[in-house]
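Please look over the sequence and the model below before reading on.

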Amino acid sequence: MELANRIRKIRENYGLTQAEVAYRADISPQAYGKIERLAGNSSFITLEKIAKAIGVSTTFLLDIKSKFYHEEKNNL
């Protein structure tokens, strides 16, 4: 659940809808919605696609211990 919540918070901070991220990641909106509920069941490849779609690094996306939801775009 922590990863799912982090993905949702990052997406919201970037002002993106679930549908926008799903489109950018080339996955269905239903699949993306499920990821925001149960990200632990997602493959690494899917999480990489989501990170790219949101505009953050995979490392940043997966860093569930970090409380920060913004990443400097220059560090990607």
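Is R11 buried or exposed in this predicted model? R11 is buried, because its relative accessible area is 8% and a residue counts as buried when that value is under 20%. From this residue the briefing turns to its charged partners, then to the overall fold, the nonpolar core and a loop.

**Salt bridges**

- The structure holds three salt bridges, and R11 takes part in one of them with E36, where the closest N and O atoms are 2.5 Å apart.
- R8 and E12 both lie in helix 1, four residues apart, which is about one turn of the helix.
- R8 counts as partly exposed because its relative accessibility is 26%, and E12 counts as partly exposed because its value is 43%, both classes being set by the range between 20% and 50%.
- Through shared partners, the salt bridges join R8, R11, E12 and E36 into one network.

**Overall fold**

- The secondary structure of the protein consists of five helices and zero strands, so that, read from the N terminus on, the order of elements is α-α-α-α-α.
- The protein has 76 residues, and buried residues make up 38% of them.
- When contacts between residues at least 6 apart in sequence are considered, 57% of them join residues that are at least 24 apart.
- The accessible surface of the protein comes to about 5,000 Å², and 52% of this surface belongs to carbon and sulfur atoms.

**Nonpolar core**

- The largest nonpolar core has 20 residues, and those with the most contacts inside it are I7, Y32, I50, I54 and L61.
- The elements that give two or more residues to this core are helix 1 (2–13), helix 2 (18–25), helix 3 (29–38), helix 4 (44–54) and helix 5 (58–62).
- Helix 4 gives the most to this core, with a contribution of five residues.

**A loop residue**

- D26 is found in the loop between helix 2 and helix 3, and this residue is exposed, because its relative accessible area is 64% and exposed residues are those over 50%.
- Although D26 and K49 are 23 residues apart along the chain, their C-alpha atoms are separated by 7.9 Å.

Notes: Residues are numbered from 1 along each chain as its sequence is written. This is a predicted model: local features need pLDDT of at least 70, side-chain atom pairs count only at pLDDT 80 or more; totals for chains, interfaces and linings use all residues. Side-chain values use heavy atoms; hydrogens and water are left out. A nonpolar core is a set of buried Ala, Val, Leu, Ile, Met, Phe, Trp, Tyr and Cys residues joined through side-chain atoms within 4.5 Å. Buried means under 20% relative accessible area, exposed over 50%, partly exposed in between (1.4 Å probe, protein chains only). Contact means heavy atoms within 4.5 Å. Accessible areas come from the Shrake-Rupley method with a 1.4 Å probe; for residues, only the protein chains shown count as cover. A salt bridge is a side-chain nitrogen of Lys or Arg within 4 Å of a carboxyl oxygen of Asp or Glu.
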